[in-house]
Amino acid sequence: MKVYCLSEDPNKPCFVIKLKSVTIMLDCGLSAHSVLNFLPLYPIPDWKPNKAAAWIPKNFSDPQIEGELNECMANQVLVNSAPEFMTPLTKLVDFADIDVILVSNYMTMLALPFITENTGFKGVVYMTEPTLHIGKLFLEELVDFVEQSPKPNVAKYWKEILHLLPPPLCNSFKPYTWKQLYSLAQVHSSLTRVQMISYDQKIEITGALTVTAVSSGYCLGSSNWVIYLESKKLVYVSNTSTLTTHPRPMDQVNLKNADLMLLSSLTQAPAANPDSMLGELCLSVAVTLRNNGSVLIPCYPSGVVYDLFECLSSHLESTALGQIPMYFISPVAHNSLEYSNILAEWLSQSKQNKVYFPEEPFPHAQLVKSGRLKHFKHVYTDDLWNDLRQPCVVFCGHPSLRFGDVVHFVEYWGTNPLNTIIFTEPEFPYLEALAPFQPLAMKAMHCPIDTSMNFTQANKMIKDLKPAVLILPERYAFPTSYSHKNEFVIDQTDRKVLTIKRGEVLSEKLDIKTVNVPFSTEMVVSVTLNELQSGLKASTFTAVLDTKDNKYKLDILRDNILENKSTEPYLLETLFKKTYEYGQLDIDRFLRALTNEGVSDPKIEHNAHGYTIHLKSEDTLIQVDDKSTHIFCEKMDKNWRLKLRTIVMDCLDSF
């Protein structure tokens with residue numbers, strides 16, 4: 001088995017594994033961290049605050065660089081171009097060879113159009129129903145954000161002079177591999193390749209192996225994957241949560257005692273407790289609102305934002321601020337709120353129970369009905385500005401602050417020190433996100449909420465699941481940010497641990513000693529068991545081994561095989577033989593038999609695993625070890641080959 005790592009960020013995973021004749025991609029995450037190097041896209045035409053001046057390196061006069069770089073007031077140099085994204089590596093694996101893509105959740109599928117479109121991809125993509133529906137919203141929102149404010153120019157030359165640029169731009173990781181975003185047509189085309197599956201449903205892949213999705217507890221429809229290959233069990237653990245929130249709880253039973261576990265997507269905020277961060281957020285929102293300020297929360301259109309609606313509305317109600325309106329602004333806001341209420345089977349039991357009363361599983365349905373939560377498609381719609389009442393709380397994207405409706409609100413509210421912007425998504429360093437908007441009078445808070453497992457929880461899970469081999473991203477074994485704290489690493493004792501990073505390929509041998517070969521119904525009926533001793537029965541039988549689509553089956557000998565004139569005589573002889581060989585080759589007996597057949601020059605050489613017999617006159621080499629015999633014969637003489645076979649069989653024990 002080979003494992004390929006195509007992603008730099010463990011939280012935007014993309015792995016490829018090759019098993020037998022099958023190539024499987026596990027997730028296709030898209031890293032948006034690269035967009036922090038670009039100027040924001042303003043969603044309202046003609047609203048472009050002059051906070052960045054043209055910049056070129058000192059003592060550098062090449063006209064190609066003019067207009068590509070701007071320096072903001074925070075002394076950070078940014079690229080004046082359409083934003084570009086870090087996609088999975090394209091040269092390590094040919095995407096046309098991929099048989100199947102297994103998607104764990106809607107956050108790990110945002111690079112899907114880069115994988116499936118214009119690459120020769122002919123495979124199938126498997127994911128759950130919520131992952132497909134909500135992932136489609138994420139993809140459509142991202143395209144809408146980028147396309148609503150198109151940049152007329154595409155900057156390229158800056159990538160050739162990285163060594164002349166200031167940090168953090170000069171530290172950009174392989175910017176030549178960055179790509180501009182796909183189109184909406186490519187999004188819809190890629191989603192036509194998706195097949196929806198349910199939890200615990202067994203999916204057969206080319207007859208060679210079976211895959212099953214089990215709940216990971218992270219978000220609606222999120223999955224971990226179990227791969228069965230003959231007698232071996234492989235487990236892929238992506239974003240996983242043991243917390244009690246709105247998704248169905250994590251299924252650990254199906255992950256136990258795996259021969260190999262591949263782990264990714266642990267928390268991006270290991271030092272931050274989600275409950276504590278949520279408490280701080282609610283307190284900060286309440287304080288800001290009491291001081292007649294408004295709150296801006298950059299967010300994605302699904303996921304943690306549902307929990308924020310629920311917890312924040314309850315807190316405001318308890319602090320006599322229940323009349324404060326909340327606004328959810330996204331081109332997919334309406335669909336997101338609707339989908340979350342109809343996907344009951346994917347929710348936790350407490351949320352499911354509300355459906356049968358009947359009652360909406362999420363409080364935001366009631367908040368919408370009561371007018372406390374209002375949703376709009378874009379910041380530039382008249383309906384929003386006719387309705388907007390301050391102080392208020394606004395949820396909108398994108399969390400990078402480089403595109404989307406949030407860009408306008410940062411500019412619109414940023415000059416008022418009574419207002420607050422609260423960052424809950426841990427993916428982007430909030431100071432870098434705010435750099436193009438400085439100086440900023442509004443307060444900024446960082447309350448990262450990541451419900452994925454932390455390292456302590458992951459170590460406990462691994463100990464309980466007991467995988468024989470563990471593969472994990474290199475930074476989980478040797479973290480950079482928190483290297484002085486042992487609680488931020490994965491325990492590597494009591495099992496074989498392999499680390500992997502972007503561009504690496506790991507090889508791990510799966511020692512498959514047995515293969516299940518079922519009998520056909522006719523075969524079962526034809527076999528008669530004879531009692532050899534008390535409690536032990538056995539039978540000899542003759543059967544045909546049928547092999548098709550990587551599957552095996554033993555079937556009875558059909559008459560058409562016997563009647564077929566092209567059937568080789570030695571095959572008929574084998575089919576009707578009454579003895580069965582077993583055991584190790586008797587070398588002395590074998591050499592005597594060769595001599596009797598006129599072979600006078602056999603040379604025998606012993607090695608660590610057995611011995612090699614060289615028949616120079618017959619241009620033949622015979623390798624013998626404890627478990628097998630291999631004959632290499634350059635001589636194009638069919639009778640000689642059959643004679644050798646007969647000699648070998650005669651020198652084995654039989655019954």
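Guide: Begin with Lys 374. It is partly exposed, with a relative accessible area of 26%. Keep in mind that this is a predicted model.

Visitor: With which residue does Lys 374 form a salt bridge?

Guide: General idea: side chains of opposite charge can pair when their charged atoms come close. Here the partner is Asp 387, and the closest N and O atoms are 3.0 Å apart. Lys 374 sits in strand E19 and Asp 387 in helix H9, so the bridge ties together parts 13 residues apart in sequence. Asp 387 is partly exposed, with a relative accessible area of 26%.

Visitor: How many salt bridges does a search of the whole structure find?

Guide: The search finds 12. One of them joins Lys 159 to Glu 84, with the closest N and O atoms 2.8 Å apart. That pair links distant parts of the chain, 75 residues apart. Lys 159 is in the loop between helix H2 and strand E10, and Glu 84 is in strand E7.

Visitor: Is Glu 84 buried or exposed?

Guide: Buried means under 20% relative accessible area. Glu 84 has 4%, so it is buried. Lys 159 has 10%, so it is buried as well.

Visitor: What separates Lys 136 and Glu 140 in helix H2?

Guide: About one helical turn, because they are four residues apart in H2. Lys 136 is partly exposed, at 32% relative accessible area. Glu 140 is buried, at 17%.

Technical notes: Residues are numbered from 1 along each chain as its sequence is written. This is a predicted model: local features need pLDDT of at least 70, side-chain atom pairs count only at pLDDT 80 or more; totals for chains, interfaces and linings use all residues. Side-chain values use heavy atoms; hydrogens and water are left out. A salt bridge is a side-chain nitrogen of Lys or Arg within 4 Å of a carboxyl oxygen of Asp or Glu. Helices (H or I, at least four residues) and strands (E, at least two) are DSSP runs, numbered from the N terminus. Buried means under 20% relative accessible area, exposed over 50%, partly exposed in between (1.4 Å probe, protein chains only).
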